[in-house]
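Hi,

Here is the structure I promised to pass on. Please open it next to this email and follow along.

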Amino acid sequence: QVQLVESGGGLVQAGDSLRLSCAASVRTFSHYTMGWFRQAPGKEREFVAVINWNGDNTDYATSVKGRFTISRDNDKNTVYLQMSLLTPEDTAVYYCNARLYTDYRHWDDYWGQGTQVTVPS
């Protein structure tokens, strides 16, 4: 039902910025809550940011609050993660997530393939 394709990762220096994109192949993109997660080597996948259906509500992990901004363009079926002031601790594979709620207790999660972000020390 859902295909997610991420892009924009790469190697950048500490203090630099990078914008990740996630293009969704779905019938109605606005039905999905969208989010970004990341997984560093040897660590569990962790939450980064989330945005609701129309973009008027967002939430962020404490570690990225004030540096990262999640946004979405429902006309383009795309969610973005603007990352600023990057540090080596941001090095990870970043995954796009789409969540479709059937009701408040039931949902389905869909994941992109991940894109590598590397910030060397």
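**A buried pair**

Asp90 and Arg67 are both buried. Buried means under 20% relative accessible area, exposed means over 50%, and partly exposed lies in between (1.4 Å probe, protein chains only).

A word on the basis: this is a predicted model, in which local features need pLDDT of at least 70, side-chain atom pairs count only at pLDDT 80 or more, and totals for chains, interfaces and linings use all residues. Residues are numbered from 1 along each chain as its sequence is written, and side-chain values use heavy atoms, with hydrogens and water left out.

**Salt bridges**

The search of the whole structure finds four salt bridges. A salt bridge here is a side-chain nitrogen of Lys or Arg within 4 Å of a carboxyl oxygen of Asp or Glu.

The side chains of Asp90 and Arg67 form a salt bridge, at 2.8 Å from N to O. Asp90 lies in the loop between β8 and β9, and Arg67 in the loop between β6 (58-60) and β7 (68-73), so the pair ties together parts that are 23 residues apart in sequence. Strands are DSSP runs (E, at least two residues), as are helices (H or I, at least four), and they are numbered from the N terminus.

How buried is each partner? Asp90 has a relative accessible area of 1%. For Arg67 the value is 17%. The two side chains also make a polar contact at 2.8 Å. That term means a pair of N or O atoms within 3.5 Å; within protein, one must be able to donate a hydrogen and the other to accept it, and residues adjacent in sequence count only if both atoms are side-chain atoms.

Look around Arg67 next. Leaving out residues up to four places away in sequence, Arg67 touches Gln82, Met83, Ser84, Leu85, Leu86, Thr87 and Asp90. Contact means heavy atoms within 4.5 Å.

Now move to Arg38. A salt bridge joins Arg38 to Asp90, with the closest N and O atoms 2.9 Å apart. This pair links distant parts of the chain: Arg38 is in strand β4 (residues 33-39), Asp90 is in the loop between β8 (78-83) and β9 (92-103), and they are 52 residues apart. Arg38 also forms a salt bridge with Glu46, where the closest N and O atoms are 2.7 Å apart. Arg38 is buried, at 5% relative accessible area. Glu46 is partly exposed, at 32%.

Which residues make up the network of salt bridges? Arg38, Glu46, Arg67 and Asp90 are linked in it.

**Aromatic rings**

The search of the whole structure also finds four aromatic pairs. Rings of Phe, Tyr and Trp (its six-membered ring) pair if their centres lie within 6.5 Å; planes under 30 degrees apart count as stacked, over 60 as edge-to-face and the rest as tilted.

Take Tyr32 and Tyr110. Their ring centres are 6.4 Å apart and their planes are at 75°, so the pair is edge-to-face. Tyr32 sits in the loop between β3 (18-25) and β4, Tyr110 sits in strand β10 (residues 106-111), and the pair links distant parts of the chain, 78 residues apart. Both Tyr32 and Tyr110 are buried.

Then find Phe37 and Trp111. Their ring centres are 5.0 Å apart, with planes at 70°, so this pair is edge-to-face too. Ring pairs link Phe37, Phe47 and Trp111 into a cluster. Trp111 is partly exposed, with a relative accessible area of 36%.

**Charges over rings**

A charge sits over a ring if NZ of Lys or CZ of Arg is within 6 Å of the ring centre and within 35 degrees of the ring normal. The charged end of Arg45 sits over the ring of Trp111, 4.6 Å from its centre. Arg72 lies over the face of Phe29, 4.4 Å from the ring centre.

**Two positive phi values**

Asn77 has a phi near 55°, a positive value in a residue other than glycine. Asn77 is in the loop between β7 and β8. Leu85 is not a glycine either, and its phi is about 50°. Is Leu85 buried or exposed? At 53% relative accessibility, Leu85 counts as exposed.

Best wishes
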